[in-house]
Each structure stands twice: as structure tokens, then as C-alpha cells.
Amino acid sequence: MRIIPIDKVKPGMVIARAVIGSKGEILLSSGVKIDETYIKRIKEIGVPALYIRDGNIGKVEYDDVISEQTRQEALKVTKDVMNSVRLSSDFDFKKVKKVVDDLVSELLTSKDLLIALVDMRAANEVGFFHGVNTTVLSVITGIAMGYDTKKLGQLACGALFHDIGTIMLPPELMKKQAPLSAEENEQIMKHPELGFNILRKKEGVSLMSAHVALQHHEKYDGTGYPRGLAGDDISEFARIVAIAAIYDNLVSIGVEAKRVLPHQAIEHLTLYSDKWFDAQILQVFIRTIAVFPLGTVVLLNSGETALVTKVNKKYPTRPVVRVFKNKGGRRVNPPFEIDLAKNQAYFVQNIIIDDEP
Ligand SMILES: [Fe+2]
């Protein structure tokens, strides 16, 4: 499988990894052959690229950091909680606890804790997927910071519901595209406090988790909201979730409605290191993301074109790649692999986004 930007996708290509809707539902399954109607629809919902099968390059094995079952369960619980809060300002914490515990224990046993896949998901509305992804990213960061299971559970709960306050705002407002009026912005900026008020009253939810909802829009330099807290006055959980949530927004919604690839999102975050974020936590976070995700087509310094087939936790910029085009642009048959961590003469020069399959 390889990543193909949507404007290079042609009828007849076969999907190698499912396209997910903003609520976590499967829009197009793996194995589906694409036609013009699908392409039009995928463009409409804002999916920037697809994982496509490429028989000439061969299979790429992958394991997600959490199982599909746990991800679906987390999405379902998030959805139930959101609905129940909308109706009664209350929710069933037992279900949340179970899914959070499952998620944390699965991440604790994941052997290769690196986010190595790009999500192919719709960006057309505020969805539940964002909460679950932000949670996975936050917990992985927490694990790297040496958190114990209890702390990871509290962090996960805060991350999963950091935006729960938005449920109390008018749905039309949440769907609205920028630019927003001053009053609309002011209304949206109330969601941290609204969320805090829901979570802090809930039995079983730690105050630490509730503070994530309250403080996830605070910035390290004190220019955030609602209180303009700075530095260590912002809870450590909220400092982690702020990074994870913005990263997830960058790769799913993008900068000025233009979605970016993981390495561009990391560059963007780095620009705001120390201004918006805790630079030390950001360093830890960055090490959990594969700079070159699986299925990325790259240009090597040798002039050969290759596909990333395995990521390397120790050396994130040196993945295992499968060379499928030579220096002159001719297909190599059969393709062969190079482990860049073991072959120091080779390195990735660039990501190629417009290679024709
Ligand atoms: Fe938020």
C-alpha cells in the first residue's frame, strides 16, 4: 500500500486502508475498487489522500497502536457520552472508565509505540475521532514521560473529553466555517469552562481530568484562554493535551483548511515551541510520531524512489524502505529493501507526493 494524494487517485485503484468518517464510521472499506463517484465523494468530505494497493511494490505490513475494536469502542462511548450530556448534562462514567482502561493497557503493551499511519478520514465536521486520536497521542506521550497506569487513565479521560463543553454550544455554531464573528468566537471560547463544569461534578472523574477541559486552550506564554495561565501554572496534563489536540487538528483539518502531512505538522508545532507549548513535552511528543509514515513515497539521496515499509522508533528519520524506481525513474523489478538505520550511506532526501503509480 502507498499514500496517493486525492488528485492523483484514478478510477480502478483499490483502497488498501479504510476511509473513516468524522464520527469513526467506515465510509469506504479496504479492498474497494474506486470509481468516479467515489472520487467525487472523497473530495467532498475532505480526505486529502488515500492508501492505495500497489501490486508492483508489494504489501506493507502494519499494526496500529490500538486495535480496531478498542478504537470503535472508544468512538462509541464518546458518542454516547456526548449525546447523553446534550440531553441531561450527565453520563455513565463506568463505561468511560472501562474503555479508558482498555485503551491505556493496550498502549502500554504496544511494542512499537510510534504513530506510523496517516488517518484517512473526513474533515467536514467536528467529530468524535478527534477526541480518540488526541487521547492516543496524549497517552503515548504520558507513557514516554514515565506516567503510571493511574495517571495515564486520568490523562486519557481528560484527553477524551477535552472538548466536551462544545456539546453545550449551538450545533450550527460548531459546524460553521471560519471566519467567525466576534460574538461567535466569544461563545466558542466558553467551551473550556462549560466542559470543566460537566466533568468536575461527575463522580469518578478526577479533578485532574476536568482541568484538561478547562486548560487545553491555555498557552505556555500566557496568551491563551480562559484565564491566560502561563508555564507550570497550566496543569501538565493540559500541556500534553494541548499539543496532541493541535497536532491532530493539523493533520485532519489543517492550517487554513489545508491538511498537512505529519512532518509538516511537526514543523508547525516546533515553530510555536515555548510560545504556545511546553518545549520539553513537545520534544517527547515529536518522538512518538513517525516522520515518514508507512506508505510514504520518498526520494533517496541516491536518486532512487522508495516506499516506507517499516518505521524505526530509535531512528525516526531512518525507516526501512523498498526501492521501486531507479535513478532514471524506471521500475525496479523486483523491488528491494534497504534498512536506512543500517545503511548510513543512504538517507531520505525528500517526500514525493506526486509520484505516478
Ligand atoms: Fe477545545
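Helix H8 is covered at its buried residues by elements that include helix H2 (68-88), helix H7 (182-188) and helix H9 (207-215), where helices (H or I, at least four residues) and strands (E, at least two) are DSSP runs numbered from the N terminus. This is a predicted model, in which local features need pLDDT of at least 70 and side-chain atom pairs count only at pLDDT 80 or more, whereas totals for chains, interfaces and linings use all residues. Residues are numbered from 1 along each chain as its sequence is written.

Because 7 of the 10 residues of H8 (residues 191-200) are buried, this helix is largely enclosed by the rest of the structure; the buried residues are His191, Pro192, Leu194, Gly195, Phe196, Ile198 and Leu199. A residue is called buried if 20 or more other C-beta atoms lie within 10 Å of its own, exposed if 12 or fewer, and partly exposed in between, with C-beta atoms placed from the backbone.

Buried residues make up 42% of the 357 residues in the protein. Leaving aside residues up to four places away in sequence, Leu50 touches Ile4, Ile6, Val9, Ile15, Val19 and Met120, a contact being two C-beta atoms, placed from the backbone, within 7 Å.

The domain bounds, which come from an automatic or database domain assignment, are as follows.

| Domain | Residues |
|---|---|
| domain 1 | 2-52 |
| domain 2 | 68-286 |
| domain 3 | 297-351 |

Taken over C-alpha atoms, the centres of domain 2 and domain 3 are separated by 34 Å.

An open sheet of 5 strands runs in the order E8-E7-E6-E5-E9 with antiparallel pairing, two strands being paired if DSSP finds at least two bridges between them. Strand E8 (331-339) and strand E9 (348-351) stand at the edges with a single partner strand each, so one side of each is left without a neighbour in the sheet. Within this order, strand E6 (residues 305-310) and strand E7 (residues 320-325) pair in the antiparallel sense over 5 bridges, and Lys310 has Val320 in E7 as its bridge partner.

Overall, the protein contains 12 helices and 9 strands, and its C-alpha atoms fill a box of roughly 65 × 45 × 40 Å along the principal axes.
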